[in-house]
Amino acid sequence: MKSSSCSPSKFLDLGSAIGQKEVKKILVLFLGLAATCLLLYKTAYPLRQELNVNNLNSPRPLLDHTSSSSPQTRSKSISFREVLENASTENRTVIITTLNQAWAEPNSLFDLFLESFRIGQGTQRLLQHVVVVCLDFKAFDRCSQLHPNCYYLETLGTDFSGEKLFDTPDYLKMMWRRIELLTQVLEMGFNFIFTDADIMWLRDPFPRLYPDGDFQMACDRFFGDPYDSDNWVNGGFTYVKSNHRSIEFYKFWFKSRLDYPKLHDQDVFNKIKHEALVSEIGIQMRFFDTVYFGGFCQTSRDINLVCTMHANCCIGLEKKLHDLNLVLDDWRKYLSLSEQVQNTTWSVPMKCV
């Protein structure tokens, strides 16, 4: 007759099985508690998303899914790199502008900006290459209704939605956010034309770009020499080729904001353009003639040649809107003429004086 008691070996096997079950229960309980603690910590201390190549390459929702102001159809996630790829030319060039709510309102600057492309000579086809970087959700929402290539660039802790007057603290933050972003565009291998949204595109500017310059910038006042960095520059219109020289220069430019904390990007550029490090980088700079790239500081002298007109030397949204509407009126009148005009008399600046 077999004994009903367990043999020593069977007893050890049973004890081992019971011990393993208890260990597994404790381990599962511990992991569950750890996951709960981690979730609570992230809720209380959300990680700040810095602007870097990894964030720009990672898919993110084009629309804010938590916003009560966005009941419309949700778009699929898309990275900034994908937006650039969709908009780029065959030689990987994009046209970039930035937009906030104040400039995106109906009948505001963004509408005029798009209209200039539609009525310009040779500019309609360029709209497909325009990427609009929106600095707040409402600007993105409006942009998405009017244009296919919009991207919402969130900046935690800063509200860029309202009108930012020249040289105010929020204006400075917005300008440096722009330089930071453009550095990333170059690092991703894209050439770009950056254009402020208060610039009217009247003709295709690409034929007027210099073939041999890494970095090309418009001017408030041009003194006749495209190689002279003492021209009064304006960062509202720049063409930059993606190469090691331009990337290193933009990194240096962005870093230099720490040395001049109260200056915006354009003034810092003027501080650093003659520094030895810029010469060592070897970046080739060119500066545009205001005959082709004019503005309210120095209007283009020949409407037969003008490519862009900028509402520079003008502070205040209402003033810009008034005078840019006059620019488009002047342009429409020019287009209606049967022959070229010999002398150009712009209606602007009127309020921007």
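Modeller: Arginine 178 counts as buried, because its relative accessibility is 7% and buried means under 20% relative accessible area, with exposed being over 50% and partly exposed in between (1.4 Å probe, protein chains only). This is a predicted model, in which local features need pLDDT of at least 70 and side-chain atom pairs count only at pLDDT 80 or more, while totals for chains, interfaces and linings use all residues. Residues are numbered from 1 along each chain as its sequence is written, and side-chain values use heavy atoms, with hydrogens and water left out.

Arginine 178 sits in helix α7 (residues 169-187); helices (H or I, at least four residues) and strands (E, at least two) are DSSP runs, numbered from the N terminus. Leaving aside residues up to four places away in sequence, arginine 178 is in contact with Thr98, Phe194, Asp196, Gly235 and Asp265, where contact means heavy atoms within 4.5 Å. For the protein chain, residues 24 or more positions apart account for 68% of the contacts with a separation of 6 or more, and buried residues make up 49% of its 353 residues. The protein chain has eleven helices and ten strands.

Arginine 92, in the loop between α3 (80-87) and β1 (93-99), is partly exposed, with a relative accessible area of 27%, and has a positive phi of about 60° although it is not a glycine. Asparagine 107, in the loop between α4 (101-104) and α5, has a positive phi of about 65° and is exposed at 66% relative accessible area. Most residues other than glycine have a negative phi, and most peptide bonds are trans. A cis peptide bond, with omega about 0°, joins valine 348 and proline 349, the latter lying in the segment after α11 (317-335).

The axes of α5 (residues 109-119) and α6 (residues 137-146) come within 12 Å and cross at roughly 30°, the axes being lines fitted to C-alpha atoms over the stretch in contact, with angles running from 0 to 180 degrees between N-to-C directions. That makes α5 roughly parallel to α6, since angles under 35 degrees count as roughly parallel, over 145 as roughly antiparallel, 65 to 115 as roughly perpendicular and the rest as oblique. Phe110, Asp111 and Leu114 of α5 make the contact with Arg142, Cys143 and Leu146 of α6.
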